Amino acid sequence: MKETISLRAMMFVQAAVALLIPVYYFVMVTYRLRSNVPLFLAIVLLLVIGRLKKRTEAADEYAKQTLRIADSICFRLAVVLMGVILLPLLFMDGSPEWLAGGLLTMGIFLLILIRACVFAWIDRCGMV
């Protein structure tokens, strides 16, 4: 019999995998690697996550509503982060490219982590 994984645990697994985005960017920019090995590792990791997603428990109506709330909060944060902070940095003359890329990748990771934390908080407190 297959064991199911809770939706809350799956959210934090996705956040842990999202940590690899800024790490990958940092390694590729700092060491100027031109290897395909990180790409193959990412494909294997995505396949593992896909298998884990098949084993997650079915989301009930409460979990779907909680996920919608967490997504809407993170969407607002993404608009602020990407639109207000990052967009002017891209158009500024003389700002280093790695700074914009680093802020973008760290922003993606932080948004996924915040989404998992907000989902766990709302799910635990029962605020829906």
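**Exercise 1. Find how the axes of helix α1 and helix α5 are placed, and classify the pair.**

Step 1. The model is predicted: local features need pLDDT of at least 70, side-chain atom pairs count only at pLDDT 80 or more, and totals for chains, interfaces and linings use all residues. Residues are numbered from 1 along each chain as its sequence is written, and side-chain values use heavy atoms, without hydrogens and water.

Step 2. Take helix α1 (residues 7–18) and helix α5 (residues 97–125); their axes come within 8 Å and cross at roughly 165°. Axes are lines fitted to C-alpha atoms, for helices over the stretch in contact, and angles run from 0 to 180 degrees between N-to-C directions.

Step 3. Angles under 35 degrees count as roughly parallel, over 145 as roughly antiparallel, 65 to 115 as roughly perpendicular and the rest as oblique. α1 and α5 are therefore roughly antiparallel.

**Exercise 2. Classify the packing of α2 and α5.**

Step 1. The axes of α2 and α5 lie 8 Å apart, at an angle of about 160°.

Step 2. That makes α2 roughly antiparallel to α5.

**Exercise 3. Check the span of helix α2.**

Step 1. Helix α2 covers residues 20–31, twelve residues. Helices (H or I, at least four residues) and strands (E, at least two) are DSSP runs, numbered from the N terminus.

Step 2. The expected span is 1.5 Å times one less than the number of residues. For α2 that should give 16 Å, and the end C-alpha atoms are 16 Å apart, which agrees.

Step 3. Look just past α2: Arg32 takes a positive phi of about 50°.

**Exercise 4. Determine the class make-up of the lining of the largest pocket.**

Step 1. Nonpolar means Ala, Val, Leu, Ile, Met, Phe, Trp, Tyr, Cys and Pro; charged means Asp, Glu, Lys and Arg; the others, Gly among them, are polar.

Step 2. The lining has 13 nonpolar, no polar and no charged residues.

**Exercise 5. Describe the overall layout of the protein.**

Step 1. The protein has five helices and zero strands. From the N terminus on, the order is α-α-α-α-α.

Step 2. Along the principal axes, the C-alpha atoms fill a box of roughly 55 × 35 × 15 Å.
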